[in-house]
Amino acid sequence: MLQETKKSEVDDRFVRSLWPNESMEFMWVDAEDCAGGFVCIWNPDVFALKDCCSSRRFILLAGIFHSSIDCVIGNIRS
């Protein structure tokens, strides 16, 4: 998870510059003016996303880790 991207928009090219693995999925929240913004990146072979929820201050990802562990991962901006 990456905090304070300060980006109003995140695309595949930007995320690929951060993530060395070919296999990836991501979700982001845009920055407001020049503050905030964050992105969550994961390998879908390791974490299978089932549901997600986000707002200006958080991203919650619900899924299955390593094909057997149900979990929720949170990225919260203070």
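**Cysteines, aromatic pairs and cores in a predicted model**

C52 is partly exposed, because its relative accessibility of 37% falls between the limits for buried (under 20% relative accessible area) and exposed (over 50%), calculated with a 1.4 Å probe on protein chains only. The structure is a predicted model, in which local features need pLDDT of at least 70 and side-chain atom pairs count only at pLDDT 80 or more, while totals for chains, interfaces and linings use all residues. Residues are numbered from 1 along each chain as its sequence is written, and side-chain values use heavy atoms, with hydrogens and water left out.

A disulfide was taken as a pair of cysteine sulfur atoms within 2.5 Å, and the count by this rule is zero. The cysteine sulfur closest to that of C52 belongs to C53 and lies 7.7 Å away, which is too far for a bond. C53 is likewise in no disulfide, its nearest cysteine sulfur being that of C52. With a relative accessible area of 40%, C53 is partly exposed.

Two aromatic pairs are present. The pair of F26 and W28 is tilted, with 5.9 Å from centre to centre and 35 degrees between the planes. W28 has a relative accessible area of 33% and is therefore partly exposed. The pair of W42 and F47 is edge-to-face, because the planes stand at 90 degrees, with the ring centres 6.1 Å apart. W42 and F47 are both buried.

These two residues also belong to the largest nonpolar core, whose eight residues are M27, V29, F38, C40, W42, F47, I59 and L61. A nonpolar core is here a set of buried Ala, Val, Leu, Ile, Met, Phe, Trp, Tyr and Cys residues joined through side-chain atoms within 4.5 Å. Strands are DSSP runs of E of at least two residues, numbered from the N terminus. At least two residues of the core come from each of β2 (25-29), β3 (38-42) and β5 (58-65). The most, three residues, is given by β3. A second, separate core has six residues, including F14, V15, V39 and I41.

Strands pair if DSSP finds at least two bridges between them. Strand β4 (residues 47-54) runs antiparallel to β5 and is joined to β5 by seven bridges. The two strands, β4 and β5, form a hairpin with three residues between them. Within this pairing, A48 stands opposite I64 in β5.

N43 is located in the loop between β3 and β4 and is buried, at 13% relative accessibility. A polar atom of the N43 side chain lies 2.7 Å from the backbone nitrogen of D45. Apart from neighbours within four places in sequence, N43 is in contact with W19, N21 and S23.

Q3 is part of strand β1 (residues 2-3) and is partly exposed, at 32% relative accessibility. Leaving aside neighbours within four places in sequence, the contacts of Q3 are G37, F38, N75, I76 and R77. D70 is 67 residues from Q3 in sequence, with 24 Å between the C-alpha atoms of Q3 and D70.

Technical notes:
Phe/Tyr/Trp six-rings, centres within 6.5 Å; stacked < 30°, edge-to-face > 60°. Helix = DSSP H or I, 4+ residues; strand = E, 2+ residues; numbered from the N terminus. Contact = heavy atoms within 4.5 Å. Polar contact = N/O pair within 3.5 Å; in protein donor to acceptor, adjacent residues only side chain to side chain.
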